[in-house]
Amino acid sequence: PTPRGGRLHTRCLTSGALGIMGEAITPEGFRADGRRVHEPRSVHCCVGSDGRCEADGYAVFELGSTKAVAYVYGPMEAKVRSQSLHDRATLSCVLSTAAFATPARMFRSRGDRQNQERSMWIQQTFESAIVLEQYPRSQIRLFIQILQSEGGGVAAAINAATLALADAGIPMRDLVVACTAGMLGRKPAIDLSREEEQAGGAQILMASLTGAKKVSLLEVESKVPEGQFPQLYDMALAGCGAIAEIGR
């Protein structure tokens, strides 16, 4: 499959980070939070607002302590006719992060550059999954907010969006599921916690179409040493499958 994205961001590893990585997995094969390398955190989902909001689709997705909420509006008539397409619907996506989502309490606006880039990733991912041809001259608006970010915030956002689109009754060719993977010492692991992400090892974000097992998004979050990418790719794909199975 041809992954989207492909951006490469490098980070320098400090001696402290390397020390954390070396202690990330016990001799018995357990991570700091008690999981094994192939185990995701607990998954909790809530679909449908029961009339509490005006959105056509609503969902909350929790991955451990990470929490994201998604709202879908549409399909609806395009407000600006010149921006509509005669043969399919247009999709817009806005991702934001709550100021209280991380311990640092950093405020990120919708116009923040990082959120804009990630919004584009998510929009492109779902443009390939949604059957947009069924709604010509229409628009679908997707809003996602990360309420708590304890690792894998963008993955949780994508999973919340999938559930919200399904709640809105918008047809998709396949369900999109996302998961992270990273190197903990010399071993690849799925669904990194915030502490594991900050340890400085190589890590990737993947979204896949669960039925076809086709990768629709692959983002390399840090420099990947030679020989480690195939391990991370296989582990992330397995993680998407594990989360999809739990979601069923």
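Here is a quick tour of the structure above, from its salt bridges to its core and one of its helices. The model is predicted, so local features need pLDDT of at least 70 and side-chain atom pairs count only at pLDDT 80 or more, while totals for chains, interfaces and linings use all residues. Residues are numbered from 1 along each chain as its sequence is written, and side-chain values use heavy atoms, with hydrogens and water left out. Helices (H or I, at least four residues) and strands (E, at least two) are DSSP runs, numbered from the N terminus.

**Salt bridges**

- Side chains of opposite charge can pair when their charged atoms come close.
- How many salt bridges does a search of the whole structure find? The search turns up 8, a salt bridge being a side-chain nitrogen of Lys or Arg within 4 Å of a carboxyl oxygen of Asp or Glu.
- One of them pairs glutamate 196 with arginine 31, with 2.9 Å between the closest N and O atoms. Glutamate 196 sits in helix H4 (residues 194-198) and arginine 31 in the loop between helix H1 (15-22) and strand S2 (43-47), so this pair ties together parts that are 165 residues apart in sequence.
- Glutamate 150 belongs to the loop between strand S6 (138-148) and helix H3 (153-167), and arginine 194 to helix H4, so here the linked parts are 44 residues apart in sequence.
- Glutamate 150 is buried, and arginine 194 is too; the relative accessibility of arginine 194 is 19%.
- Arginine 194 has a salt bridge with glutamate 195 as well, this one at 3.6 Å from N to O. Glutamate 195 counts as partly exposed, because its relative accessibility is 47%.
- There is also a network of salt bridges, which links Arg31, Asp33, Arg35, Arg41, Asp191 and Glu196.

- Most residues other than glycine have a negative phi, and most peptide bonds are trans.
- Glycine 74 and proline 75 are joined by a cis peptide bond, with omega at about 5 degrees. Proline 75 is part of strand S4 (residues 66-77).
- Aspartate 191, a member of the salt-bridge network, has a positive phi near 50 degrees. You'll find aspartate 191 in the loop between strand S8 (187-190) and H4, and it counts as buried at 1% relative accessibility.
- Lysine 213 has a positive phi too, near 55 degrees. Its place is the loop between strand S9 (203-209) and strand S10 (214-220), and at 64% relative accessibility lysine 213 counts as exposed.

**The nonpolar core**

- A nonpolar core is a set of buried Ala, Val, Leu, Ile, Met, Phe, Trp, Tyr and Cys residues joined through side-chain atoms within 4.5 Å. The largest one here has 63 residues, and Phe126, Ile130, Ile140, Leu142, Ile144 and Ile158 touch the most other members.
- Which element gives this core its largest share? That would be H3, with 9 residues.
- Setting aside neighbours within four places in sequence, phenylalanine 126 is in contact (heavy atoms within 4.5 Å) with Leu91, Leu142, Ile158, Ala161, Thr162, Leu165 and Val176.
- Threonine 162 is in helix H3 and counts as buried at 5% relative accessibility. Not counting residues up to four places away in sequence, threonine 162 touches Phe126, Met172, Leu175 and Val176.

**A look at helix H2**

- H2 has 15 residues and spans 21 Å from its first C-alpha to its last, close to the expected 21 Å; the expected span is 1.5 Å times one less than the number of residues.
- Buried residues in H2 are Asn115, Arg118, Ser119, Trp121, Ile122, Thr125 and Phe126. They cover an arc of only 160 degrees around the axis, so they lie on the same side of H2; the arc is that of the directions from the helix axis to the C-beta atoms.
- At the N-terminal end, aspartate 112 caps H2, with a side-chain oxygen 3.0 Å from the backbone nitrogen of glutamine 114.
- Glutamine 124 is in helix H2 (residues 113-127) and is partly exposed, with a relative accessible area of 26%. Glutamine 124 and serine 216 are 92 residues apart in sequence and 8.6 Å apart in space, C-alpha to C-alpha.

Note on methods: Buried < 20%, exposed > 50% of the residue type's maximum accessible area, 1.4 Å probe, protein only. Polar contact = N/O pair within 3.5 Å; in protein donor to acceptor, adjacent residues only side chain to side chain.
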